[in-house]
Amino acid sequence: MATRKAADHTLYHLSPKGFWKKFRDAVVVNPEISSGLPIQGVNRWPPPASRPERYNTPATKASDIAQNPYWKRDVRRAYPRLSAVTQTELSTLLLEHSSAQQIPAPTDADPNAKMVVAAPQEPKDLTETIASVAAKGKLFSAAKLPPSMATPYKKWAPTPGESLPGDPHAYFPMHLVK
């Protein structure tokens, strides 16, 4: 035999008593409906704000005032940092990139093979470096173009598609494009 289970509206909610019960019964459309006010000791245990201890924020590196100055956490003034390239750094970069790079062929036998690293060169004057690179010949030509920025997508170039039946001299002729 199946028992019918239903929520009891008087189990967890307050009910008015005395004059207010008579007043509610006279005014309310459905006097059997719940008041919606939960009983304090039954609904939530322990009740909110009943614990004697207070919450303390755990100490972290950010809570130490001496190690967390305002200028480090002020994100409104997080300006981009400028970088500078000295003439000696520029001359070494020009010397390294003016000659063809030697990259060893990958081997399947040893995946932990060491890469060949160019030996560091002594810094030269920038004017001497530019003169030596220019003396070797043109860095770039029509056959040897400079590197360009890589794009994550292929640029779309419209090409004519299939021809459609219809009058080519119509007011709005339709053309298909791939």
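**Overview. Confidence and make-up of the protein chain.** The mean pLDDT of the protein chain is 80, and 83% of the residues score at least 70. Here pLDDT is the predictor's confidence in each residue, on a scale from 0 to 100. This is a predicted model: local features need pLDDT of at least 70, side-chain atom pairs count only at pLDDT 80 or more, and totals for chains, interfaces and linings use all residues. Residues are numbered from 1 along each chain as its sequence is written, and side-chain values use heavy atoms, with hydrogens and water left out. Confidence is highest in H1, at a mean of 91, and lowest in helix H2 (residues 40-43), at 74. Of the 178 residues in the protein chain, 6% are buried. Buried means under 20% relative accessible area, exposed means over 50%, and partly exposed lies in between (1.4 Å probe, protein chains only). Among contacts with a separation of 6 or more, 46% join residues 24 or more positions apart. A contact means heavy atoms within 4.5 Å.

View 1. The whole structure holds four aromatic pairs. One of them, Phe 19 with Phe 23, is stacked, at 6.2 Å centre to centre and 25° between the planes. Rings of Phe, Tyr and Trp (its six-membered ring) pair if their centres lie within 6.5 Å; planes under 30 degrees apart count as stacked, over 60 as edge-to-face and the rest as tilted. Phe 19 and Phe 23 both belong to helix H1 (residues 19-27) and sit four residues apart, about one turn of the helix. Phe 19 is exposed, at 55% relative accessibility. Phe 23 is partly exposed, at 42%. Trp 20 and Phe 23 form an edge-to-face pair, because their ring centres are 5.8 Å apart and their planes stand at 90°. These two also lie in helix H1, three residues apart, about one turn of the helix. Trp 20 counts as exposed because its relative accessible area is 55%.

**View 2. Tyr 70 in helix H3.** Tyr 70 belongs to helix H3 (residues 70-73). Its relative accessible area is 46%, so Tyr 70 is partly exposed. Beyond neighbours within four places in sequence, Tyr 70 contacts Arg 76 and Arg 77.

**View 3. Thr 129 in helix H5.** Thr 129 sits in helix H5 (residues 126-136). With a relative accessible area of 0%, Thr 129 is buried. Not counting residues up to four places away in sequence, Thr 129 touches Ser 91, Leu 94, Leu 95 and Lys 124.

**View 4. Gly 161 and Lys 178.** Gly 161 is found in the segment after H5. It is partly exposed, at 28% relative accessibility. Between Gly 161 and Lys 178 lie 17 residues of sequence separation, yet the C-alpha to C-alpha distance is 5.4 Å. Leaving out residues up to four places away in sequence, Gly 161 touches Leu 176, Val 177 and Lys 178.

**View 5. The second largest pocket.** This pocket holds about 220 Å³ of space. It is lined by 15 residues, and those closest to its centre are Leu 164, Pro 168, Pro 173, Met 174 and His 175. On a 1 Å grid over the protein atoms alone, a pocket is an open set of points with protein on both sides within 12 Å along at least five of seven lines; lining residues have an atom within 4 Å of a point. Grid points are joined across faces, edges and corners, and a volume is the space filled by probe spheres set on the points. By class, the lining has nine nonpolar, four polar and two charged residues. Ala, Val, Leu, Ile, Met, Phe, Trp, Tyr, Cys and Pro count as nonpolar, Asp, Glu, Lys and Arg as charged, and the others, Gly among them, as polar.

Notes: On a 1 Å grid over the protein atoms alone, a cavity is a set of points where a 1.4 Å probe fits but cannot get out, and a pocket is an open set with protein on both sides within 12 Å along at least five of seven lines; lining residues have an atom within 4 Å of a point.
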